[in-house]
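Dear colleague,

Please find below the structure that I am handing over to you.

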Amino acid sequence: HEKDKCEEAHQLAKDREEAGKKLKEICEDIDGNADGKLSMSELMSAYTSHDELQMHFQTLDVDQGDLVLLFGIMDVDDSGDLTYEELVNHIVKSEQKALKRQMMLMRLQLEDL
């Protein structure tokens, strides 16, 4: 049983690594000016036009309104854009957590301000 858990953890890590690589390829594909960063407009445009990216966000139950909020959260350095690494790291981590619940709590906190 211990061996099964170890194999399962190894497979999960491998799957995350593959997902991260694929997301980085998507980032390169949707980066209109090829500067290694994604602006909000590039990400919003890709949300509606790039099937694979849309699939990732739908899996996380993220709609366009959520994406605006998420962009602000993911842009931790307030640069106005996201490096591929910022986006990939946040999405891969989000797939492990209840992203929707976190966003709902943040919305409630913002409404209380």
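**Core and helix packing**

The largest nonpolar core comprises 22 residues, and those with the most contacts inside it are Ile-30, Leu-38, Leu-43, Leu-53, Phe-57 and Leu-87. Such a core is a set of buried (under 20% relative accessible area, 1.4 Å probe, protein chains only) Ala, Val, Leu, Ile, Met, Phe, Trp, Tyr and Cys residues joined through side-chain atoms within 4.5 Å. The model is predicted: local features need pLDDT of at least 70 and side-chain atom pairs count only at pLDDT 80 or more, while totals for chains, interfaces and linings use all residues. Residues are numbered from 1 along each chain as its sequence is written, and side-chain values use heavy atoms, with hydrogens and water left out.

Helix α2 (residues 40-49) and helix α4 (residues 64-74), both DSSP runs (H or I, at least four residues), pack at an angle of about 150 degrees, with their axes 11 Å apart. The two helices are therefore roughly antiparallel (over 145 degrees). Their contact (heavy atoms within 4.5 Å) is made by Met-40, Leu-43, Met-44, Tyr-47 and Thr-48 of α2 and Gln-64, Leu-67, Val-68 and Phe-71 of α4.

Not counting residues up to four places away in sequence, Gln-64 touches Met-44, Tyr-47 and Thr-48. The C-alpha atoms of Gln-64 and Met-44 are separated by 7.2 Å, although these residues are 20 apart along the chain.

Yours sincerely

Note on methods: Axes are lines fitted to C-alpha atoms, for helices over the stretch in contact, and angles run from 0 to 180 degrees between N-to-C directions. Angles under 35 degrees count as roughly parallel, over 145 as roughly antiparallel, 65 to 115 as roughly perpendicular and the rest as oblique. Buried means under 20% relative accessible area, exposed over 50%, partly exposed in between (1.4 Å probe, protein chains only).
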